[in-house]
Amino acid sequence: MIYKYLLKITSIVAIFGFYQYFAASSTNPEQQKKLDAVIVNVNKYCGACHKVPSPTVMPKKYWPAAIKAMVDIADRRMGANTIPPEIVKDIKAFYYGSSPETLDVLPIHKDTNQPLTFSTTELGEKSPLPLVINIKSVELDETGNNQFLISDGERNEVSILTVTKTDWQETLLTEIPIASHTEVIDYDKDGDKDIIISALGHFPPSDKLAGKIFLMRNTADGKYDKEILLEDVGRITDARPVDIDNDDDLDLAVAIFGGGDVGELAWLENLGNGKYKKHSIVKVSGALNVSPVDLNNDGNMDIVTLISQEYEMVVALINNGKGEFQQAPLAQAPHPMYGSTSMRLVDMDGDKDIDILFSNGDALDLQPDPKPYHGIQWLENTGNLKFQFREIGRFYGTSIAVAGDLDADGDMDIVAASWNNYWQDPARQSMIWFENDGKQNFSRHNIIHEPQSIVSIELKDVTGDNQLDIIAGIFRIDLWIKKFAEKDNNKEQKDSKITEQEILLPRVIMLENQRTTEGTKFSKIN
């Protein structure tokens, strides 16, 4: 299923742009023959690995380098000169000649009817380079305090952030190389809560076999023994405990994002006595997550995943109950620049089935500027593994979108954050929310412009007033890119760590939802 909102950037429009560049109005038979041949080659070679992109997805000046990068990948995968040089020349001419000088600019949203007010509180310790990758609301003990697991890529650690009656406290749980996701569950069925931690192991994206899965086994008195369940694989983005083979123990569904030509979706079979066996489901790089769910209601746990990179698609892996899976593509973006970033399974329309909320906003690839096709959307479950694309809104650099009843009116609203935006413009937002009218029509509202660059959100009633508050993790990808660019430009620099003299920035913030008891009026509390 093609994302209908973006149909204008399918290969059909790419061909139209090609006609424009090559003066298709000409009636010269030789020109027409040349035109037809180039159109065939654009679709043949550009569509060999992914959807044929339209020239409109990127500004003109970036296309020659992008085509070169794609040719280099083709040569690496299939051999030198897979695409003949004369055809490469034609493809470059097509994309350069048909693409715009600049992309369209999303309009500034002027929020004249904001029904909610939020106050911002900085939580935990600060950092000169905040790289909080994931925040997870958890209950690790019986105290009743709100607790959050913080996966910090700059510190290479996972910490526990706890709110008490008087303050917030952050304590180190364990050191982990670029932790990406956490899950809390009684994994060994001994009556206490263990923690599963996924780790990328390396930054930036690469094909290094740095991924690991850790089990923090709860021993007693809040102490944990660390075990490695999986290693020597590509960078891991997600691991979820689930009984895949129906043998009454917990296995693990695993998303190995990897990088380059490394990556896969897999599951880790629990053999008992601390032994595990990895089963590959499909070899593909770019998997962002794995979400277990019985999608076809047959009693077996399936997996839904969002795959980014060149594929940009939502896929269901249908389980036969024995750990064998059949792929069922649910939706695919029209081009590889789409930039998928997050996915959540949630009943968006209240009809008691599972829909799919997802976002796109990754531009850290061929051309780093925010894109007007970034944003938030959902797939409505219409039954029999069929899903209908539904638009929510466009938002530069959308890194994550989560659903919750923010205004307490009985339906699912959406909170979304950005990590790639025109931050120099104070009218651009790092976090927004979409108000649901109960019929899945959404109205956008602004929340904050700063802190910039947020990639993780949890909705939780932290203050105990029966209103969902927002806990958000700051991930300053712009500062990270600058840091390593400076390192590359100064080969004599031996220590790339940021000095203590640099400005300390918040790593985690809370946005307190200040809806009053009247339910319709909101005021800021000092």
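**View 1. Helices α3 and α4 cross in a right-handed sense.** A crossing is right-handed if the near helix is turned clockwise from the far one by less than a right angle, and left-handed if anticlockwise. Helix α3 covers residues 63-78 and helix α4 residues 85-98. The two pack at an angle of about 145°, with their axes 9 Å apart. Axes are lines fitted to C-alpha atoms, for helices over the stretch in contact, and angles run from 0 to 180 degrees between N-to-C directions. Helices (H or I, at least four residues) and strands (E, at least two) are DSSP runs, numbered from the N terminus. From α3, the contact uses Trp63, Pro64, Ile67, Lys68 and Val71. From α4 come Val88, Ile91, Lys92, Tyr95 and Tyr96. Contact means heavy atoms within 4.5 Å. By class, eight of these residues are nonpolar, none polar and two charged. Here Ala, Val, Leu, Ile, Met, Phe, Trp, Tyr, Cys and Pro count as nonpolar, Asp, Glu, Lys and Arg as charged, and the others, Gly among them, as polar.

The model in every view is predicted: local features need pLDDT of at least 70, side-chain atom pairs count only at pLDDT 80 or more, and totals for chains, interfaces and linings use all residues. Residues are numbered from 1 along each chain as its sequence is written, and side-chain values use heavy atoms, with hydrogens and water left out.

**View 2. Arg155 and Glu125 meet in a salt bridge.** The N to O distance is 2.9 Å. A salt bridge is a side-chain nitrogen of Lys or Arg within 4 Å of a carboxyl oxygen of Asp or Glu. The structure holds 21 of these. Arg155 sits in the loop between β3 (146-152) and β4 (157-163), and Glu125 in strand β1 (residues 118-127), 30 residues apart. Arg155 is partly exposed at 25% relative accessible area. Glu125 is also partly exposed, at 45%. Buried means under 20% relative accessible area, exposed over 50%, and partly exposed in between (1.4 Å probe, protein chains only).

**View 3. Glu264 forms a salt bridge with Lys283.** Their closest N and O atoms are 3.6 Å apart. Glu264 lies in strand β12 (residues 262-272), and Lys283 in the loop between β13 (275-282) and β14 (291-293), so the pair ties together parts 19 residues apart in sequence. Glu264 is buried, at 7% relative accessibility. Lys283 is exposed, at 62%.

**View 4. Glu380 and Arg390 link two strands.** Glu380 belongs to β20 (residues 375-383) and Arg390 to β21 (residues 386-394). The closest N and O atoms of this salt bridge are 2.8 Å apart. Glu380 is buried, with 18% relative accessible area. Arg390 is partly exposed, with 34%.

**View 5. Arg428 is buried in a loop between two strands.** The loop runs between β23 (413-418) and β24 (431-436). The relative accessible area of Arg428 is 10%. Not counting residues up to four places away in sequence, Arg428 touches several residues, among them Val105, Pro107, Tyr396, Tyr422 and His449.

**View 6. Tyr396 and Tyr422 form an aromatic pair.** The structure holds seven aromatic pairs. The ring centres of Tyr396 and Tyr422 are 5.2 Å apart and the planes stand at 85°, so the pair is edge-to-face. Rings of Phe, Tyr and Trp (its six-membered ring) pair if their centres lie within 6.5 Å; planes under 30 degrees apart count as stacked, over 60 as edge-to-face and the rest as tilted. Tyr396 is buried at 2% relative accessible area, whereas Tyr422 is partly exposed at 27%.
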